[in-house]
Amino acid sequence: SNSVHFACCGNMICTGCAGENDASIKKQNEKNDGKKITFTCPFCRELPPSQDEYVIQLEARALKNDPYALKIFGELYWSGDYGLPQDHLKALDCYIRAVEHGSPEACTKIGNCYDKGDGVSVDEERAALFAKVGALRGCIFARHYIGWSEYHTFGNHEIAIRHWKIAAEAGDQDSLNALRKIYNADGKLPGKEFITKEYLDFAYRACHGAQLEVKSEERDKHTTDESRKNND
């Protein structure tokens, strides 16, 4: 989730790498009294786009059936940001096209729409279906949602816990927390019989290990810096 998308070329880079790249250019400019180095895309060296230019770049990527660009377009139409009108039907169309071209995240977006009745009628079965597709495509957030839906909506506690186990072992903290909550409830919540103390210890180590694999000081630093800017 801590990544930056460059619509100019369709590439993505983690927040830490993007921040370190900008910090390196800034440092060189501070030392250089002559010609300054321009901040550009680290992949194709395009100049940073304006808001309007960014939308045009996204459109170009969407015309090439870039699933991530289509997913972002859906988010922009949903919220009405970047000068686009708020249009939930267009947002859903973008999400559907993104799903058709392989986006796991867009599956989760559509599933949430059906779950909450945003732009469509509430349909828990369709919400679960899209979440399952997203999970099969590797989205652990979709996998966590399936667990939540099976547990709270359909009452399939064993199936829910099975999905939460998969997501927790892949590094999803919310799924691990759900398992711990059920286990520590001492029978007040259904499903404890499917969780053992030994498994919970294993799941904690697996989840923590998966999180460490994608953890970096640079990413934490620049993500925190960006959060401060947004709060300011």
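Tutor: A residue is called buried under 20% relative accessible area, exposed over 50% and partly exposed in between, using a 1.4 Å probe and the protein chains only. The model is a predicted one: local features need pLDDT of at least 70, side-chain atom pairs count only at pLDDT 80 or more, and totals for chains, interfaces and linings use all residues. Numbering starts from 1 along each chain as its sequence is written, and side-chain values rest on heavy atoms, with hydrogens and water left out.

Student: Is I161 buried or exposed, then?

Tutor: I161 has a relative accessible area of 1%, so it counts as buried. Its place is in helix α8, residues 157-169; helices (H or I, at least four residues) and strands (E, at least two) are DSSP runs numbered from the N terminus.

Student: Which residues does I161 touch?

Tutor: Not counting residues up to four places away in sequence, I161 touches L179, I182, G191, F194 and I195. Contact here means heavy atoms within 4.5 Å.

Student: Let us step back. How many helices and strands does the protein have?

Tutor: The protein has 11 helices and two strands. In sequence order the pattern is β-β-α-α-α-α-α-α-α-α-α-α-α. Along the principal axes, the C-alpha atoms fill a box of roughly 70 × 40 × 30 Å.

Student: What share of the protein is buried?

Tutor: Of the 232 residues, 37% are buried. Among contacts between residues at least 6 apart in sequence, 47% join residues at least 24 apart.

Student: How do the two strands, β1 and β2, pair?

Tutor: β1 and β2 (residues 11-14) are antiparallel, with four bridges between them; strands pair if DSSP finds at least two bridges. F6 stands opposite N11 in β2. Together β1 and β2 form a hairpin with four residues between them, and G10 in the turn has a positive phi of about 80°.

Student: Which residues other than glycine have a positive phi?

Tutor: R45 is one of them, with phi near 65°, and D186 is another, at about 55°. Most residues other than glycine have a negative phi.

Student: Where do R45 and D186 sit?

Tutor: R45 belongs to the loop between α1 and α2. D186 belongs to the loop between α9 (173-184) and α10 (197-213). R45 is exposed, because its relative accessible area is 53%, and D186 is exposed too, because its value is 62%.

Student: What about F39: where is that residue?

Tutor: F39 is in the loop between α1 and α2. With a relative accessible area of 33%, F39 counts as partly exposed.

Student: And which residues are in contact with F39?

Tutor: Setting aside neighbours within four places in sequence, F39 contacts D22, I25, K26, N29, L47 and P48. By contrast, the C-alpha atoms of F39 and V120 are 42 Å apart in space, for a separation of 81 residues in sequence.

Student: What does L58 touch?

Tutor: Beyond residues up to four places away in sequence, L58 touches H5, A7, A69, I72, F73 and L76.

Student: One last residue. Is S149 buried or exposed?

Tutor: S149 is buried, because its relative accessible area is 4%. This serine is found in helix α7. Leaving out residues up to four places away in sequence, S149 touches A128 and F154.
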